[in-house]
Amino acid sequence: MNNSPKFIVFEGIDGAGKTTQIKRLASHLENLGIKCNITAEPTTYPSGKKIREALSGRLAVTPLEMAEMFASDREIHNAHEHDGINACLENGVTVISDRYYYSSLAYQGAALGYDIVARLNLDNVSIRRPDLCVFLDLTPERSLERIGARADVPTEIYENREYLEKTRKMFFDTFERLKARGENIIVIDAYGSVDEVAERIADAVLPIFE
Ligand code: TYD
């Protein structure tokens, strides 16, 4: 087993179970002796809080400003001296991030065009390339079933079929472009029990540690 720390990103459409599966993977890796730290974007740093304000509509920003805010939050996510991605990797800790630049390329790319968002992220040397991106995939029908089943979470207005279809397509278009640049992206079928999906993910992720 190659114990060099890795940077792994999870992406997925609503209802795909990212949060649950990230925790499952981290505990699986920890059991194998691989230290892990879970992070997320937007971050909990001030730059991430500002994004939350913009997402909620309390802070009005243009689509370009939004893309820039995500990119600068991502730079801080990389560079933060205590628990940033670089610091963790230097300390031998694998990082699993809930979302990363794939979300920017998909969502902000849809508003601004791919090239601008690619320039802000892929051409930025302070934004590290992940070792692996795991995309949890669900058809819109199954995603809506899942969201509906989560009675504690109010169904958000945009979580409708067309929106989910469009988001999924934006991610697949992004992945085609990034695979052409040599990125390691795995699409996992997120339909099934938590255990079944966790096993699919572990089978896909473990080879990067071999
Ligand atoms: P969040 O509440 O964390 O959503 P989720 O639980 O689905 O991850 O909100 C993150 C939102 O920000 C989500 O709608 C996707 C969006 N986003 C972007 O548009 N661009 C980005 O670069 C990132 C990281 C997130």
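Predicted model: local features only at pLDDT ≥ 70, side-chain atom pairs only at ≥ 80, totals over all residues.
Trainee: What is the strand order in the open sheet?

Mentor: The order is E2-E3-E1-E4-E5, and the pairing of these 5 strands is parallel.

Trainee: Which strands stand at the edges?

Mentor: Strand E2 (36–40) and strand E5 (185–189) do; each has a single partner strand, so one side of each is left without a neighbour in the sheet. From one strand to the next, the twist averages 20 degrees.

Trainee: Over how many bridges do E2 and E3 pair?

Mentor: E2 and strand E3 (residues 94–98) pair over 5 bridges, in the parallel sense. Within E3, Thr 94 stands opposite Cys 36.

Trainee: And the helices, which strands does H5 touch?

Mentor: Helix H5 (residues 101–112) packs on the sheet and touches strand E1 (7–12), strand E4 (132–137) and E5. The direction of H5 makes about 30 degrees with that of E1.

Trainee: What about H9?

Mentor: Helix H9 (residues 194–205) also packs on the sheet, where it touches E1, E4 and E5. Its direction makes about 160 degrees with that of E5.

Trainee: Changing topic, which residues have the most contacts inside the largest nonpolar core?

Mentor: They are Tyr 100, Tyr 101, Tyr 102, Leu 105 and Leu 178, in a core of 28 residues. Elements that give two or more residues to this core include E1, H5, E4 and helix H8 (161–180).

Trainee: What is Tyr 102 in contact with, leaving aside its neighbours within four places in sequence?

Mentor: Its contacts include Val 9, Cys 133, Phe 171, Phe 175 and Leu 178.

How values were computed. Residues numbered from 1 in each chain as written. Heavy atoms only, no water. Pairing = 2+ DSSP bridges. Helix = DSSP H or I, 4+ residues; strand = E, 2+ residues; numbered from the N terminus. Axes fitted to C-alpha atoms, helices over the stretch in contact; angles between N-to-C directions. Contact = heavy atoms within 4.5 Å. Core = buried A, V, L, I, M, F, W, Y, C linked by side-chain atoms within 4.5 Å. Buried < 20%, exposed > 50% of the residue type's maximum accessible area, 1.4 Å probe, protein only.
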